[in-house]
Amino acid sequence: MTILLAASLFFTTPAPLDMPRAEAYLVGKVDGAKRLEDRYDTFDLWVCRSVIGRWMDDDFRVFVLARLDVLPPALSGGKMTRSDYEATLVGADRRDKTRLASMVAALSPVEIAEEPVRPRQMPRKLKDVCFWQGTNTSSIVCSFLPESSASWWLATWELAEGDDMEALEKVFEREFLDEAAWASLPVGDGVPPKPSRARRRTVLPERELLRRDVRHGIAAYASWHATDAEDFVVADALPARGFVTALTNDLPAARRRYAEVMPSPLEGTNTLCVARIYSNREEYLEAAGEGMEWSAAFWNPRRRELVAYLSEAGENELMKTIRHEAFHQYLSYACSMMQASPWLNEGYAQYFEDESDSGWHIPVTTTDFDAFEEMLPGLLFMDYAEFYSGSEAERRLKYRLAWSMAYFIENGAPKLRFKPFKTLKSAYISALLDTNDPALATSAAFDGSQDKLKNFVAEWKKFWIKRM
């Protein structure tokens, strides 16, 4: 059977891995300024570097291919910047079978056997092959050492319910190992460190390491591409390149606009913003997980990536959606990964979808503003559970009320005499950084004064009635 058919069995639909989990740390500088530094789960960094690709077929069989050239971190739960982690890497010695077993166990979907089983006949192009799955009937776990490689590789194949394990083991040997289906994958991403004790050495800057990891994570997928932009890297599976070109021009300009409108007291970050764009809704939802069926995109602060897909609405709508989520991404960094109130976070995200758009997009009459005036103080202090609750019509109204406040702050408030709300945004962000409490930050934005809050609502109402 040909490699092409083997590809149809194993390398089916690409299912890229999530980015490593990160935590934010505020790092003080000599001049008193503070800088946001991302530190990542070291095990996730190891997985990100080791796994070459993951694929899923229509029956939810999952095939994963990895190269075991670097030892996993000694301690679980450690946190490091990419640069610090890279500087301490230790190469794996292919002769060390104990370390090999520990690496296989770390990536295996099932508990591995104490002793591996070798095939009756060694496949061509391979020095050694070990099957680790033991007596389980749900997954095949195979490490193999190519003749041309200094490192072991690992293939795991999670089977579908009802599959004949014995038959598929034979298929795996014949169509994957014998055909060397792994040999043509473009997986190179640099020379691994030599097997030795950890020692500091010169490494790439933090952002270049992140770019490398993003490119490495999709290198094995012919349908995926990585494109660099200022402060961004875009990984996409879109069929045409025109949208990505427009996006990589738009995102840096949008980010500068976010910073102009919503400046942060923090002095930059050590990280890079990642956007991942799927070509269809099915693959997007597989990546998004349960509970995200209503969404068209999302910003994942834990994984530090913006995730979207190209819907039937087309590229213009996708661009608006990404601007929306990219603002969430920016504000997360601006607020040291502390989640801002939904009125500000969702309101400005809608505002930045298209700054020239001044329409409510829901039925609104002049008389509705009496009811809105009553709603606004409560909406300013809502948490996300309250903001997202209710019927679709109620959620749409809350979103547009939040947008209308952002629009007023940018286009109406600056024209008021004495500019009473000039410091509202900066006071909010400063208070959020101090308290990590969105409700207290909202109160601080209005100087803790009910009169100032009432004045804000009254001026907001006048502004919009005048425009109706």
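Predicted model: local features only at pLDDT ≥ 70, side-chain atom pairs only at ≥ 80, totals over all residues.
**View 1. The largest nonpolar core and the surroundings of Y348.** This core contains 76 residues, and those touching the most other members are Y348, W360 and W460. Helix α13 (residues 392–411) contributes ten residues, the largest share of the core. Beyond its neighbours within four places in sequence, Y348 contacts V261, M262, F327, W343, A406, I409, E410 and K425. Another core, of 75 residues, lies apart from the largest one and includes L45, W132, F144 and L185.

**View 2. The largest pocket.** The space in this pocket amounts to about 1,400 Å³. Its lining comprises 43 residues, with W294, H324, E325, E346 and Y399 closest to the centre. At least two lining residues come from each of β2 (22–28), β13 (297–300), α9 (315–334), α10 (342–353), α12 (384–388) and α13. Helix α9 gives the most, eight residues. By class, the lining of the largest pocket holds 20 nonpolar, nine polar and 14 charged residues.

**View 3. The second largest pocket.** The volume here is about 730 Å³. Among the 36 lining residues, A15, P16, L17, D18 and R54 lie nearest the centre of the pocket. Two or more residues of this lining are supplied by each of β1 (13–14), α2 (42–50), β4 (51–56), β5 (62–68), α4 (97–107), β9 (152–158) and α8 (281–288). The lining of the second largest pocket consists of 21 nonpolar, four polar and eleven charged residues.

**View 4. The two ends of helix α8.** At the start of α8, a side-chain oxygen of N280 comes to within 3.2 Å of the backbone nitrogen of E282. Just after the helix, G289 adopts a positive phi of about 90°.

**View 5. The largest cavity.** Two cavities of 30 Å³ or more are counted in the model, and the largest has a volume of about 160 Å³. It is lined by 17 residues, and L17, D18, D213, G217 and R276 are those nearest its centre. Strand β4, helix α6 (206–218) and strand β12 (273–278) each give two or more residues to this lining. The lining of the largest cavity divides into eleven nonpolar, two polar and four charged residues.

**View 6. The second largest cavity.** About 50 Å³ of space is found in this cavity. Its lining is formed by L45, R49, R82, Y85, E86, L209, R212 and D213. Helices α2, α3 (82–87) and α6 each provide at least two of the lining residues. Three residues of the lining of the second largest cavity are nonpolar, none is polar and five are charged.

Definitions and conventions:
Residues numbered from 1 in each chain as written. Heavy atoms only, no water. Core = buried A, V, L, I, M, F, W, Y, C linked by side-chain atoms within 4.5 Å. Buried < 20%, exposed > 50% of the residue type's maximum accessible area, 1.4 Å probe, protein only. Helix = DSSP H or I, 4+ residues; strand = E, 2+ residues; numbered from the N terminus. Contact = heavy atoms within 4.5 Å. 1 Å grid on protein atoms, 1.4 Å probe; cavity = no way out; pocket = protein on both sides within 12 Å on 5 of 7 lines; lining within 4 Å. Points joined across faces, edges and corners; volume = space filled by probe spheres on them. Nonpolar A, V, L, I, M, F, W, Y, C, P; charged D, E, K, R; others polar. Polar contact = N/O pair within 3.5 Å; in protein donor to acceptor, adjacent residues only side chain to side chain.
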